[in-house]
Protein chains: 2
Amino acid sequence: MEYSIGEFSRMTNLGIHTLRYYEHENLITPKRNSSNRRCYSDKDLAWTYFIKRLKNTGMPIKEIQRYAKLRAEGDLTLNERMEMLTVHRESLNEQIKALQEHMAKLDDKIDFYRQEIERTSLK
Amino acid sequence: MEYSIGEFSRMTNLGIHTLRYYEHENLITPKRNSSNRRCYSDKDLAWTYFIKRLKNTGMPIKEIQRYAKLRAEGDLTLNERMEMLTVHRESLNEQIKALQEHMAKLDDKIDFYRQEIERTSLK
DNA sequence: ATACAATGTAGAGTAAACTCTATGTCAAGA
DNA sequence: TCTTGACATAGAGTTTACTCTACATTGTAT
């Protein structure tokens, strides 16, 4: 299946402007039809979901760009891409650990507040 | 103990400019000495660490500002502050869950790469 | 007394990632 | 044929959170 930018925008929850911006940055590069309209494919869709995943895990556009470039170069870059993902995996792991630690401290603080409120009878 | 902005900057790993910016935004409001220099206290230090924690868990400055304002108003806002932290705790929890899911998908992808590289003998 | 390093303020500049505006093209329905 | 409405490009504007510049004071070591 092929989709217009409007359809694709609805499917991916990315604004039309954002999609054009991503294309400008060489992240998502749909085909064009005879009248120069963008034609997004199902492959573009899967790729877009992956881009969103990288973004949601804190990878900056510049680095996604680098990954996209390797991807466009084909199978010869498989090693390099795997390396990128492995490194990113490690940073994700550290992010999670850090957040869990923050969570524990936050819980301490909330407990402290509970006690304070009890003590000063502000319940 | 009291600290100059330079000392405080080194202790907190926040740039001098950032500290002045935070003061401008009413986040950290140190005392001043007779010649108008900032005097940061140990209380400011603990508070600054907490601010950093909120930031590192994705709370925007605007919201930290709101929290700081309540804090400055004293004990009568304990309830409200605890409420804020409880809500934030929930969002942190969801962040962690989302990251863990992303991690699982990333592992799948890395495995896929490993197989592809094996298959195409690019090792 | 003087140089110089740290600090003060006000305001401009930066980077990332969008987001919007102006203007133009084109296919399809009334 | 005329008018929408979706799409096109180029470039300007926005938001967040700093970060830096220019210039004036002040504290301290020589």
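**DNA contacts, chain pairing and domain layout**

With three residues, helix 2 of chain B contributes the most to the surface near DNA strand D in this predicted model. In total, 16 residues surround DNA strand D. The closest are Ser4(A), Gly6(A) and Arg38(A), together with Ser35(B) and Ile61(B). Two or more residues of this surface are given by helix 1 (5–12) of chain A and, in chain B, by helix 2 (16–24) and helix 4 (61–73). Sorted by class, the surface near DNA strand D holds seven polar, five charged and four nonpolar residues.

Contacts between the two protein chains involve 30 residues of chain A and 30 residues of chain B. On the side of chain A that touches chain B, the elements giving two or more residues are helix 3 (42–56) and helix 5 (78–119) of chain A. Helix 5 of chain A supplies the largest share of that side, 24 residues. The side of chain A that touches chain B comprises 13 nonpolar, nine polar and eight charged residues.

Within chain A, two domains are assigned: domain 1 spans residues 1–73 and domain 2 spans residues 75–123. Taken over C-alpha atoms, the centres of domain 1 of chain A and domain 2 of chain A are separated by 29 Å. Seven residues from domain 1 of chain A and eight residues from domain 2 of chain A take part in the contact. On the side of domain 1 of chain A that touches domain 2 of chain A, three residues are nonpolar, two are polar and two are charged.

Notes
Residues numbered from 1 in each chain as written. Chains lettered and ligands numbered in written order. Predicted model: local features only at pLDDT ≥ 70, side-chain atom pairs only at ≥ 80, totals over all residues. Near = placed C-beta within 6 Å. Helix = DSSP H or I, 4+ residues; strand = E, 2+ residues; numbered from the N terminus. Nonpolar A, V, L, I, M, F, W, Y, C, P; charged D, E, K, R; others polar. Domains from an automatic or database assignment.
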